[in-house]
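Keep the sequence at hand.

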Amino acid sequence: MTLLLTTPATPAEFEAYYRLRYEVLRQPWGQPAGSERADDDDEPTTLHAMLVAPAGRVAGVARLSPAGANQAQVRYMAVAPDFQGLGLGRQLLEHLEAQARQQGLTECVLHAREAAVPFYARLGYLVVAPSHTLFGSIPHFLMRKLL
Ligand SMILES: CC(C)(COP(=O)(O)OP(=O)(O)OC[C@H]1O[C@@H](n2cnc3c(N)ncnc32)[C@H](O)[C@@H]1OP(=O)(O)O)[C@@H](O)C(=O)NCCC(=O)NCCS
């Protein structure tokens with residue numbers, strides 16, 4: 001499937017970008033609208049990426065931000081349920097890793113939901129340690145990859 005890999009730029013694009021983040025990562029756990037936003041989303045160092053299907057539907061989103069010396073962090077990775085398992089997550093993650101490499105960063109970290117650990121492992125990430133539990137029910141694992 002050919003999707004457009006792009007960066008949200010207009011208010012309407014950002015709205016669609018955050019809507020998918022909310023629908024996949026917050027709404028199923030009864031979290032309020034707005035809970036999908038992070039304080040550093042608007043920082044100039046935060047890179048947003050999304051895959052857009054024909055007719056303008058946002059099918060996948062993810063972001064990259066600085067995390068420490070030589071280190072990038074991927075957060076808020078979400079693929080719409082009917083687009084999962086088609087390679088979109090891989091495309092988004094590899095795109096963000098390439099962006100991090102271009103910035104001279106040598107390592108990428110993330111906190112993976114337990115159900116997503118096999119996906120990140122397939123993309124070359126190793127579990128470092130268990131991390132937080134989100135909404136009292138979703139265990140996370142700190143994972144790391146050398147770029
Ligand atoms: C996790 C998620 C981002 C993965 O995106 P995706 O588009 O479904 O994954 P892809 O199709 O790109 O999969 C890439 C590879 O990982 C593998 N993979 C994906 N999910 C897997 C799983 N649960 N178990 C084992 N392998 C898996 C695929 O088989 C594929 O392998 P291949 O390249 O050898 O064929 C997506 O399923 C999602 O949004 N899930 C719900 C929200 C979520 O958990 N986000 C992550 C928060 S940390």
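Start with a pair: L64 has V74, in strand 4, as its bridge partner. Strands, like helices, are DSSP runs numbered from the N terminus (E, at least two residues, for strands; H or I, at least four, for helices). This is a predicted model, where local features need pLDDT of at least 70 and side-chain atom pairs pLDDT 80 or more, while totals for chains, interfaces and linings use all residues. Residues are numbered from 1 along each chain as its sequence is written, and side-chain values use heavy atoms, without hydrogens or water.

Strand 3 (residues 58-68) and strand 4 run antiparallel, joined by seven bridges. Two strands pair if DSSP finds at least two bridges between them. Two residues separate the strands in this hairpin, and N70 takes a positive phi near 65° there.

Strand 4 also pairs with strand 5 (residues 107-113), in the parallel sense, over three bridges. Here Q73 stands opposite V109. Between strand 4 and strand 5 the chain passes through helix 2 (residues 88-102), in a right-handed β-α-β crossover. Right-handed means that, with the strands pointing away from the viewer, the path from the first strand over the helix to the second runs clockwise.

How buried is strand 4? Eight of the nine residues in 71-79 are buried, so the strand is largely enclosed by the rest of the structure. Buried means under 20% relative accessible area (1.4 Å probe, protein chains only).

Now the ligand. A backbone N or O atom of G87 lies 2.7 Å from a ligand oxygen atom. For L86, a backbone N or O atom lies 3.2 Å from a ligand oxygen atom.

Note on methods: Buried means under 20% relative accessible area, exposed over 50%, partly exposed in between (1.4 Å probe, protein chains only). A polar contact is a pair of N or O atoms within 3.5 Å; within protein, one must be able to donate a hydrogen and the other to accept it, and residues adjacent in sequence count only if both atoms are side-chain atoms.
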